[in-house]
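Please work through the following exercises with the sequence and the model at hand. Each task is followed by a solution in steps.

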Amino acid sequence: MGVILTVFAVVGLIDNKSAFLSFLIYGYVVSFGLSLGPVVWPYIAELLFDKGVNISVLGNWATAFCVAQGFPYLTKIVGTSSSFFVFAGLSFLSAFYIGFNIPETKGKSDAEIKELFSSAI
């Protein structure tokens, strides 16, 4: 996702009306759909139960609302292409954090997952 956002920002700097930008948007949607989009929900359901899931959903919607409402202001302040550089940087930071700090839970029982995260929670 970060790579596509970076390419999007660079192409936007070079040619703001390029048809290639629409293909990059499709690429971003596909990459999000194959990575952070659906993966977050089962992971949250494995780790948090009942109220924890509710709080996570509320946080996700609140963050999405803030991004949607803040994007026009960000583009006015730093420009359209630079705003995509900001989101690309955040995407790379999140990939780095997830890669080094979030353990794999595939094939583990509920008890193993609880034990894995008992020290972190």
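The exercises below concern a predicted model.

**Exercise 1.** Determine which residues make up the largest nonpolar core and which element gives the most to this core.

*Solution.* Step 1: the core has eight residues in all, namely L5, F8, A9, V11, L21, L24, F84 and A88. Step 2: two or more of these residues come from each of α1 (2–14), α2 (20–34) and α5 (80–101). Step 3: with four residues, α1 gives the most to this core.

Step 1: consider the core member L21. Setting aside residues up to four places away in sequence, L21 touches F8, V11, G12, D15 and N16.

**Exercise 2.** Identify the residues that form the nonpolar patch on the surface, and classify L36 by its relative accessibility.

*Solution.* Step 1: the patch consists of F32, L36, V40, W41, Y97, I98 and I102, which together have about 560 Å² of accessible area. Step 2: at least two residues each are supplied by α3 (36–47) and α5. Step 3: α3 provides the largest share, three residues.

Step 1: L36 lies in helix α3. Because its relative accessibility is 31%, L36 counts as partly exposed.

Technical notes:
Residues numbered from 1 in each chain as written. Predicted model: local features only at pLDDT ≥ 70, side-chain atom pairs only at ≥ 80, totals over all residues. Heavy atoms only, no water. Core = buried A, V, L, I, M, F, W, Y, C linked by side-chain atoms within 4.5 Å. Buried < 20%, exposed > 50% of the residue type's maximum accessible area, 1.4 Å probe, protein only. Contact = heavy atoms within 4.5 Å. Patch = residues over 30% accessible without salt bridge, like charges linked within 9 Å, V, L, I, M, F, W, Y side chains within 5 Å. Areas by Shrake-Rupley, 256 points an atom, 1.4 Å probe, with all protein chains shown as cover. Salt bridge = Lys/Arg side-chain N within 4 Å of Asp/Glu carboxyl O.
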